[in-house]
Amino acid sequence: VQLQASGGGLVQAGGSLRLSCTASERIFSTHAMGWFRQAPGKEREGVASISWSGGRSYYADSVKGRFTISRDNAKNTAYLRMNSLKPEDTAVYYCAADSTGYGYPMRGDYWGQGTQVTVSS
């Protein structure tokens, strides 16, 4: 199973980025999708997730109101739109596919490679 994440980069505080994660159709059509992040010296944490149908989404308190997760089932792609970025959002971001389909609690059975997001102050 292959998940391909992209869209990371360097942005100034207050700026925006959109991350994308593409998976195989077999996985994407039945799995919830989630985004996780890991900052240096910290544990990996769940950021946002969305159910297999897209009907439910969940967010960490630290990103509510700033980040939006979505999915396009026709393109087998999940997105994380990140607005009003802060330096504390700096981390390696990972996408994951969750076989339960629910999206909560945030978890992953299959993982993509990380993409670096750096927010400068």
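A nonpolar core, as I use the term here, is a set of buried Ala, Val, Leu, Ile, Met, Phe, Trp, Tyr and Cys residues joined through side-chain atoms within 4.5 Å. I am working from a predicted model.

**Core.** I looked up the largest nonpolar core and found 29 residues in it. Met-33, Trp-35, Phe-67, Leu-80, Met-82 and Tyr-93 have the most contacts inside this core.

I then picked Met-33 and listed its contacts, skipping neighbours within four places in sequence. Met-33 touches Leu-3, Cys-21, Phe-28, Ala-48, Ser-49, Ile-50, Ile-69, Arg-71, Ala-78, Ala-96 and Ala-97.

**Disulfide.** How many disulfides are there? I get one. Cys-21 is joined to Cys-95, with 2.1 Å from S to S. Cys-21 sits in strand β3 (residues 17-23) and Cys-95 in strand β9 (residues 91-98), so the bond ties together parts 74 residues apart in sequence. I checked the hand too: the S-S torsion is about 60 degrees, so this disulfide is right-handed.

Are the two cysteines buried or exposed? Cys-21 comes out at 0% relative accessible area, so I note it as buried. Cys-95 also reads 0% and is buried.

**Ser-51.** Last, I looked at a loop residue. Ser-51 lies between β5 (45-50) and β6 (57-59). I had to look up its accessibility: the relative area is 7%, and because buried means under 20%, Ser-51 counts as buried. Leaving out residues up to four places away in sequence, I find Ser-51 in contact with Ala-32, Arg-56, Arg-71, Gly-101 and Tyr-102.

Terms used. Residues numbered from 1 in each chain as written. Predicted model: local features only at pLDDT ≥ 70, side-chain atom pairs only at ≥ 80, totals over all residues. Heavy atoms only, no water. Helix = DSSP H or I, 4+ residues; strand = E, 2+ residues; numbered from the N terminus. Buried < 20%, exposed > 50% of the residue type's maximum accessible area, 1.4 Å probe, protein only. Contact = heavy atoms within 4.5 Å. Disulfide = S-S within 2.5 Å.
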